[in-house]
Amino acid sequence: MRVSVPTIITGPGAPKRTISPAAAVERIAGFLAPGKAMLLTGAGVSVASGIRAYRGKDGRYMNPNYQPIFYHELTDQSEKGFAFRQRYWLRSYLGYPSVRNAQPNTSHYAIAALQYTSYLPRLVTQNVDGLHHKAITHLWEPDHMQKQILELHGTLHRVHCKRGHVVPRDIFQDWLSASNPQWKAFVAHLEKTGQKPRTNPDGDVELEGISYADFVVPECPQCTLEGQQSSFYKPELIFFGESIPSRIKDRSFHDVDKSERIFVLGTTLATYSAFRLVKHALELRKPVMLLNVGPTRADELPGVEKLEISSSLVLRDVVRAILGSRASQDSVIVHLLQSGIHQPPAEDHEIISRNT
């Protein structure tokens with residue numbers, strides 16, 4: 001089976017279009033002020049939270065030598081598949097803490113302010129880090145968040161076995177630690193020395209010179225109670241080469257249908273599951289505005305207005321421009337606009353080995 005990692009093919013194209021923060025704020029505020037907008041976000045939104053994006057400012061995969069695990073490899077029932085799952089869970093075990101501990105940045109909280117005030121009633125995110133939820137969890141009940149936020153590619157924060165038993169990722173992390181004390185000690189050493197592996201947005205890390213053969217993926221305890229054996233686990237996210245469930249696809253199109261305009265933020269739209277939502281909106285003659293640094297798959301599509309500027313430079317001021325005096329008088333909005341970190345990852349991280 002041949003499956004490739006999507007990327008952006010860039011040609012000479014038009015020269016880079018720049019815009020000042022003040023002009024961008026005016027354009028975005030004017031676009032969102034009528035309300036009834038759907039927001040589509042990608043990995044670029046979470047970069048200021050310390051989570052590295054898949055692709056750089058040129059639209060290309062940031063590490064062309066990186067080999068993710070594909071869906072057909074993870075689900076292979078042979079010994080080769082078992083080895084792939086050992087590799088995946090060891091790398092995820094090392095990388096998950098960085099995603100788990102990440103905090104929402106200023107863009108997440110600005111978006112939360114627009115959600116709270118109903119200017120962005122629908123949010124579809126390609127991100128699996130849960131940071132949109134973290135930014136608004138103190139204001140919305142879980143059921144309401146589920147209705148208002150669609151995780152197009154799933155979430156890193158839940159895991160299920162082959163027979164469908166679901167476990168929170170934090171608990172599964174504890175199971176992996178208990179089953180692999182040597183790797184638990186390795187993680188403790190990394191934390192003690194302040195080292196961080198190069199982590200992708202899905203929590204997978206880069207490793208060199210490491211054997212995965214001694215990593216133990218524990219049996220599902222619920223399966224054991226039911227007289228079955230299963231150490232096959234999968235995070236509830238969509239792998240490269242895996243199809244999005246029909247209910248998720250249908251809801252994403254429904255969200256476009258029910259919205260009057262689409263705001264696209266921090267994504268190259270390299271994955272077709274996101275790109276087709278923009279195409280669908282354009283087919284319905286809905287206005288589309290795209291905010292991203294670097295080329296995207298939609299740059300040449302008629303009807304897409306693109307602004308090339310970082311969301312962290314403008315989104316809080318967009319909220320202030322839309323809400324006017326409420327932005328300084330409503331205590332909830334004031335708190336949201338004062339919240340958020342800005343800690344983008346370094347340009348490069350060391351690739352660690354177990355001998356570090």
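Colleague: Among contacts in the protein chain between residues at least 6 apart in sequence, what share join residues at least 24 apart?

Modeller: That share is 78%, where contact means heavy atoms within 4.5 Å. Keep in mind that this is a predicted model, in which local features need pLDDT of at least 70, side-chain atom pairs count only at pLDDT 80 or more, and totals for chains, interfaces and linings use all residues. Residues are numbered from 1 along each chain as its sequence is written, and side-chain values use heavy atoms, with hydrogens and water left out.

Colleague: Thanks! How many helices and strands does the chain have?

Modeller: There are 14 helices and 9 strands. Both are DSSP runs numbered from the N terminus: helices are H or I with at least four residues, strands are E with at least two.

Colleague: And what percentage of the residues count as buried?

Modeller: Of the 356 residues, 52% do. Buried means under 20% relative accessible area, exposed over 50%, and partly exposed in between, with a 1.4 Å probe and protein chains only.

Colleague: Let's zoom in. Where does Val 45 lie?

Modeller: Val 45 is in the loop between β1 (37–41) and α2 (71–74). Its relative accessibility is 2%, so Val 45 counts as buried.

Colleague: Which residues does Val 45 touch?

Modeller: Leaving aside residues up to four places away in sequence, its contacts are Asn 105, Ser 107, His 108, Ile 111, Asn 127, His 132, Leu 265 and Gly 266.

Colleague: Is Ser 107 buried or exposed?

Modeller: Ser 107 is buried, at 1% relative accessibility. It is found in helix α4 (residues 106–116). Besides Val 45, Ser 107 touches Ser 311, Ser 312 and Leu 315, again not counting residues up to four places away in sequence.

Colleague: Switching to α3: how many residues does it have, and what does it reach from its first C-alpha to its last?

Modeller: Helix α3 (residues 79–100) has 22 residues and reaches 30 Å, close to the 32 Å expected at 1.5 Å a residue. That expected span is 1.5 Å times one less than the number of residues.

Colleague: Where does α3 bend?

Modeller: At Leu 94, by about 40 degrees, with Pro 97 following within four residues. The bend is the angle between axes fitted to the seven residues ending there and the seven starting there.

Colleague: Why is α3 described as largely enclosed by the rest of the structure?

Modeller: Because 16 of its 22 residues are buried. At the N-terminal end, Ser 78 caps α3, with a side-chain oxygen 3.3 Å from the backbone nitrogen of Lys 80.

Colleague: On to rings. How many aromatic pairs does the count come to?

Modeller: The count is 10. Rings of Phe, Tyr and Trp (its six-membered ring) pair if their centres lie within 6.5 Å; planes under 30 degrees apart are stacked, over 60 edge-to-face, and the rest tilted. One of the pairs is Tyr 93 with Phe 215, which is tilted at 6.0 Å centre to centre and 45 degrees between the planes. Tyr 93 lies in α3 and Phe 215 in the loop between α8 (181–193) and α9 (221–225), so the pair ties together parts 122 residues apart in sequence.

Colleague: Last one: what is the phi of Leu 269?

Modeller: About 60 degrees, a positive value although Leu 269 is not a glycine. Leu 269 sits in the loop between β7 (261–265) and α11 (272–283), and is buried with a relative accessible area of 0%.

Conventions
Polar contact = N/O pair within 3.5 Å; in protein donor to acceptor, adjacent residues only side chain to side chain.
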